[in-house]
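Trainee: I would like to go through the terms used for this model and see what each rests on.

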Amino acid sequence: MKKVFAFVLAALMTTALAGCGNSNSSSQASSSLASEESVMSSAVESSQAQSGTAGTGMKDGKTMDDFMAAMNELYSELTLTPIDDDMLKDLYMVDPENVEDYVGEMSMLNVQAFDILVVKAKEGKVEEVKASLEERKQNRISEFEFYPVNNNDVNTKNALVLTSGDYAILVICDNYEEAQKILDEHFTF
């Protein structure tokens, strides 16, 4: 991001210097200003695209990793394992062809229903990813339907499957009020 802004500043300085040497026309000045605005706009779009926030559903300056860090802070007492490519495909039924990026964790203990997964879907694929996460939710409900330990039966039924722009999100936890606050801080619903 620093490189992008350095490039923008260099382009602005170059344009300004070029404009100073030629004072015969106001149309050249307005052309120079339009050029500067175009460069600045392109740099901002490039910066947003690199950070994954350009119209995708994440709030400005927030990332999937920020979201996971906030959720981990809320659930620091749990023993969690990162969701890897095989788990994404086998447990969550998400087709890798539909995924641009993802981050998630689940409980390592089979007596605790806890799944947090955020998938940035490829363009036009968010509903397919959401359907897969809905299927995972239903599987978790079935797993814990007759196992009320830790309120797993209730927690799985209350699971959240949401979309925000290009993001599909699954949250299975035991404190949905706090989880919703964290979701609202990071995503545009």
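**Terms and values**

Mentor: This is a predicted model, in which local features need pLDDT of at least 70 and side-chain atom pairs count only at pLDDT 80 or more, while totals for chains, interfaces and linings use all residues. Residues are numbered from 1 along each chain as its sequence is written, and side-chain values use heavy atoms, with hydrogens and water left out.

Trainee: What stands opposite L160?

Mentor: V171 in β5 stands opposite L160. Helices (H or I, at least four residues) and strands (E, at least two) are DSSP runs, numbered from the N terminus.

Trainee: How do you know that β4 and β5 pair?

Mentor: Two strands pair if DSSP finds at least two bridges between them. Strand β4 (residues 160-164) and strand β5 (residues 167-172) have 5 bridges, in the antiparallel sense, so they pair. Their hairpin has 2 residues between the strands, and G165 takes a positive phi near 60° there.

Trainee: Why is S132 called buried?

Mentor: Buried means under 20% relative accessible area, exposed over 50%, partly exposed in between (1.4 Å probe, protein chains only). S132 has 11%, so it is buried. S132 belongs to helix α5 (residues 126-144).

Trainee: What makes the pair of S132 and M93 a polar contact?

Mentor: A polar contact is a pair of N or O atoms within 3.5 Å; within protein, one must be able to donate a hydrogen and the other to accept it, and residues adjacent in sequence count only if both atoms are side-chain atoms. A polar atom of the S132 side chain lies 2.8 Å from the backbone oxygen of M93, which is within that cut-off.
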